[in-house]
Amino acid sequence: MKLLTSPTPNGWKVSILLEELREEGHDLSDLQVEMINLMKGEQFEPAFVSVSPNQKIPALVDGDLNLMESCAILEYLAERFSSPLLPADRIPRFEVLQWVYWQAANVGPVFGNKLSYTRYMDDVDPAAKAHPLKRFATEAQRLMGVLSRQLEGQEWVCGERFSIADIAIYPWVRGWKWSKIPIVDIPNLEDWVARVRARPGVGRGLAYGVPESEVDQWSAARKAQVAAGGSSMAATSKLNRDSPAGEGDASE
Ligand SMILES: N[C@@H](CCC(=O)N[C@@H](CS)C(=O)NCC(=O)O)C(=O)O
């Protein structure tokens, strides 16, 4: 089995799950991990695109199966290893899956857009950024209110059991300072973030491709490198690129 990934929120979902599976006692000694350098544009290289047609990490190769989309990979791996992280019974299973889909359809895109406008869109006039920033900030706050209410009176997103719903949502929420989506005044969120982070499998999953000393606190050099790489990736001209050497939208 091979994971193609990068140390980013969507990548961490899968590395966390793999380490949680190790915690459950599964043997993953055949696992290969290949880091895809997004800043160098390796996500557009044909070998990667043949596995991940959407040109994004993470991707998984398992035998004849090529899988893209982090949440599909979470669901697949949890099922493949019969993990309680995705309950087998229909009702609890769908209680988990609805939050996994909620993350994929809401938290990921909204936090990703908020982050891009906050940190990376440095080629855009600040006046032009004002509306998307307000919109994504407001929607991110609404989503965090939804999560806060879901966590009221329970340890994990779906109750007493840690699940792939926590794994899917956590990597975006942990980065709230980087995306400038304040969660400190919203009940339950900081405690949940700390609870998830305290799990040994989560700690190991966050360390894929990152020096151990920078798992929780990036160095100034890394922040600058991520900001520069993010700015280059977030540029609208890159959205239509099919290869590292490809041309973007000439009208930009
Ligand atoms: N919905 C996708 C999103 C994947 C995604 O956006 N991955 C980012 C890293 S977090 C990426 O590969 N970015 C490279 C690019 O946009 O060129 C998933 O959940 O897997």
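A residue is near a molecule if its C-beta atom, placed from the backbone, lies within 6 Å of it. The model is predicted: local features need pLDDT of at least 70, side-chain atom pairs count only at pLDDT 80 or more, and totals for chains, interfaces and linings use all residues. Residues are numbered from 1 along each chain as its sequence is written.

**Exercise 1.** Describe the shell around the ligand.

Solution. Step one: 14 residues surround the ligand, the closest being Thr-8, Asn-10, Lys-56, Ile-57 and Ser-70. Step two: two or more residues each come from helix 1 (9–23), helix 3 (70–80) and helix 4 (90–120); helices are DSSP runs (H or I, at least four residues) numbered from the N terminus. Step three: the shell holds seven nonpolar, five polar and two charged residues. Here Ala, Val, Leu, Ile, Met, Phe, Trp, Tyr, Cys and Pro count as nonpolar, Asp, Glu, Lys and Arg as charged, and the others, Gly among them, as polar.

**Exercise 2.** Characterise the contact between domain 1 and domain 2.

Solution. Step one: an automatic or database domain assignment gives the bounds, with domain 1 at 2–84 and domain 2 at 90–199. Step two: 12 residues of domain 1 and 11 residues of domain 2 take part, contact requiring C-beta atoms, placed from the backbone, within 7 Å. Step three: helix 1 supplies the largest share of the domain 1 side, seven residues.

**Exercise 3.** Where does pLDDT stay under 50?

Solution. Residues 243–252 stay under 50 in pLDDT, the predictor's confidence in each residue, from 0 to 100. Where pLDDT is low, predicted coordinates should not be read in detail.

Terms used. Two residues are in contact if their C-beta atoms, placed from the backbone, lie within 7 Å.
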